[in-house]
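Open the model in your viewer and keep the selection panel at hand. The tour below goes from ring pairs to a domain boundary.

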Amino acid sequence: MVQLRAVTRVMRGIFPVFLYSVIATLLCFVEASGADAERSSGGLMALYNFCESGGPLVRDVSPGGAGGTLQIQDLRRVERRDGALRIFGDAVISPLENGQRKLSRALMASNSLSLEAWITPGSLNQKGPARILTFSGNSSERNFTLGQDGSAIDVRLRTTETSRNGIPSLSTGEEAIRGGVVHVVYTRDRQGRAVIYINGSLAAEGGVGGTLDNWDDGFGLHIANESGGGRPWTGSLHLLAIYSRALSSEEVSRHFEAGPAAADSVESSVAGRSEEELFFENRVAPILANHCLECHDSATREGDLDLSRRASAFAGGKGGKVIIPGRSGESELWLTVHHDEMPDDRYPLSADQKAVIAKWIDDGARWSLDFIDPALYLSHVGVSDHHVRRLTVEEYIRSVQSAVGVDITDMARRLLPADLRADGFRNTAYNLTVDLKHIHAYSELASEIVRRMDVRDFARRFSSRLKFTDNDMGALITAMGIWIHRAPLEEHELFAYRGITTSVAASGGTYGEAVSLVIEAMLQSPRFLYRIENQIGDGTAWPVDGFEMASRISYTLWGSPPDADLLAAAEKGDLYDRQSVSGHVNRMLDDPRAIRQSLEFFRQWLNLDRLNSLNPSADHFPDWDPSLAQDMEKETLMFIEDLLWKQQRPIHQIFDGDFTWLTPRLARHYRLEASLVPDGPGQEFQKVIFPEGHPRGGLLTHGSVLTVGGDEASMVSRGLFVMIQLLRGVVKDPPPCVDTTPVPSKPGMTQRTVALERLSDGSCAGCHKKFEPLAFGLEKFDGLGSYHQMDEFGNALRDDGQILVPGAAEPVEYESSNELMGFLASSSRVEETIVWKLTQFALGRPLAYRDAPAVNAIIEKRPQRGWTWKELVRTILLSDLMKTSMTETLENE
């Protein structure tokens, strides 16, 4: 970095001014890129690196750009030199637009911040304090101000416990700064601890209580002065940064060692996208996906019209072109929906949806997607935005065990209502509601948990001073709160819990009684029962804080709360560092809890819990043994654990694995060859390896999956399972008038024959041809997974068929179930589905179209041989989706 600075000074005497400015700017950005790995980006809200070569603008180059672009009011009082902005007069640098609401809302929501500056003071006699960086309305009202007062640094922060002017301020002593380049960092955490660092070392610390709730989001961000002047600062500015969190001392040291260089702007997911492109992707494509592609995709093409791809959509169908850019009134697409002629046999479009189609066509019909994938538009954006997620019953049990060491499993499962699957998983946020039964159960459980605890012994984990004094009890509650709540207590929470202990002391209660009541209250707090993340923002994705990230990691990997190491990393700010996150993920993947949680993912995705209520017809299956259902579930879970954890094989091989785990009774039930049936009189599981070409092998040949077709081994049910769960295909419910009663087999009619009759019916074929042929390869497996060459009526069975991947125009033929399994194992669409499903499971919400770029970024990192489980989980946890959360704007904005 120093060498680059020296190069610019040498060039200044060699090259003409214009050429010098261009090269200096390029070097500034090269320098910035080199510093990217050394600087923290988590929570970065504004970053000014002054790399502009000229002109009046100072641009915020942070990913979110919450600080906005600022403007130098008088260029005669500044000079750009060597990648810095030198200010030598009474300059004013103010926002181009009034107010930085995104910035103020982010800092208010986090109730913490960091201000960072690399400066070279022009004088050590500046007073006022002279404004280096200020977020204010005038000289006496502010949200914050970072200033220089002689040789000291002074920071004023407005909170509910300081004045509108941010008084009392936090200041360093005199001679904290001297001549030359100085690194200044101010941090204030959510508990009110404020620190000033000078050149990487602690220079001042103190308490700044209260919250930032009284900030004025109409104030503006100003550099080197107040908006109206009068508090000028002179010198050179090399870097200014604002974070929505308190940087750790380690991060401050790292920034100091990196020097006065900034990371360049990071491209956002919508960078460079035109308004027309975004309008199509966010407004038009959802309408086409949900209302048109059922009949007009690449497979169905009713009227020879395919609206899933740009070229085919603009080519039109039998009647000619249906989209005339710029002229909706002449476009058949608009006319048919306007007159409610389409969609056929479905509800017509709403007035708003029709207006969207008309506007899009009239504005030029810009089409920016290669392929409209209906799977991306199944979930509305609102359904995907949930910042509050109740713990599932199992997560609650594990969280209690982790927090206080009490196993409450039996009582919790008895008292708490069961969690139901929604969008394929039981941890889906929008479905995790709370009713009175939950409330009463949580109260009863908390009381019982505390009764089973040694409260004084538990308290000693957090404090050696078990006294009622304010300081001692406050310290205990603060430490316990971080552990039980998985994040620091807010100030009002500390006061509430402290109120409990004060009341107990005043009434003559014991120390143990006071702490017991606090723990009982904490276990019923929303902060324990829910995973709560910040949601207030500007409608864009903001970084999650360190404690939110810790919970995302731990509940994804273990289904339980962060351990002490992960919480310590969150508290130090290490979880904003990619290398640190990766290290913790690797550590936690080596824990047996990671295996348990991976099996929970497959249990929910494959809906294995339905085997608990499997009750086949005694007429069809007179030899059915209910214990076989348990064997089927264990077969699948043992197979997955063996393949993914013991053998560390790529995930896609779960579809064509050449082995399984069976009990003798399950092997006989499957009608395996005698040579493959495990030996021994007992019912222990043994590994069975299939010879090459064997019809069994992979998940779809397990009884746990095959039973999805019911007693009749329905092609519809099995085909839908493959289409939806493996290929992420989309098919709508049949019209209400359609009889969906399963048709039983009979002499001369197999389930394939029943399916072929539907496929020959024009009113059914459009949808059924997308999924029923997917199940043809499973025809030789009956409703309970046994293998037959003929059904009970003597009808010959086949296992050839075809598979139609969503988006493809023509199906792929296969000759046997073995070929079908091989195709699924090699299908990129199937492997991508696993990525989508696991990401959904990790986030606890269905994914929507706006998540597609981030998920695709994960998919692009696929190893050539395919993902192992550990590789995929690690990549997801390091992705932008896990590091950010979509915020919401307030209604009064």
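Two rings of Phe, Tyr or Trp (for Trp, the six-membered ring) form an aromatic pair if their centres lie within 6.5 Å; planes over 60 degrees apart make the pair edge-to-face. By that rule this predicted model holds 23 aromatic pairs.

**Stop 1: one ring pair.** Select Phe-314 and Trp-367. Their ring centres are 6.0 Å apart and the planes meet at 65°, so this pair counts as edge-to-face. Now colour by secondary structure: Phe-314 sits in helix α6 (residues 310–315), while Trp-367 is in the loop between α8 (351–362) and β17 (388–390), so the pair ties together parts 53 residues apart in sequence.

**Stop 2: where domain 1 meets domain 3.** How many residues of domain 1 are in contact with domain 3? There are 6, and they touch 5 residues of domain 3. The two domains bury about 440 Å² between them, with carbon and sulfur atoms giving 34% of that area. Next select Glu-161, Arg-190 and Gln-191, which supply 76% of the area that domain 1 buries against domain 3, more than any other three residues.

**Stop 3: polar links across the boundary.** On the side of domain 1 that touches domain 3, 4 residues are polar, 2 are charged and none is nonpolar. A search for salt bridges between domain 1 and domain 3 gives 0. For polar contacts between these two domains, the count is 1 residue pair, with both residues at pLDDT 80 or more.

Terms used. Residues are numbered from 1 along each chain as its sequence is written. This is a predicted model: local features need pLDDT of at least 70, side-chain atom pairs count only at pLDDT 80 or more; totals for chains, interfaces and linings use all residues. Side-chain values use heavy atoms; hydrogens and water are left out. Contact means heavy atoms within 4.5 Å. Buried area is the accessible area (1.4 Å probe) that two parts lose on being put together, summed over both. A salt bridge is a side-chain nitrogen of Lys or Arg within 4 Å of a carboxyl oxygen of Asp or Glu. A polar contact is a pair of N or O atoms within 3.5 Å; within protein, one must be able to donate a hydrogen and the other to accept it, and residues adjacent in sequence count only if both atoms are side-chain atoms. Ala, Val, Leu, Ile, Met, Phe, Trp, Tyr, Cys and Pro count as nonpolar, Asp, Glu, Lys and Arg as charged, and the others, Gly among them, as polar. Rings of Phe, Tyr and Trp (its six-membered ring) pair if their centres lie within 6.5 Å; planes under 30 degrees apart count as stacked, over 60 as edge-to-face and the rest as tilted. Helices (H or I, at least four residues) and strands (E, at least two) are DSSP runs, numbered from the N terminus.
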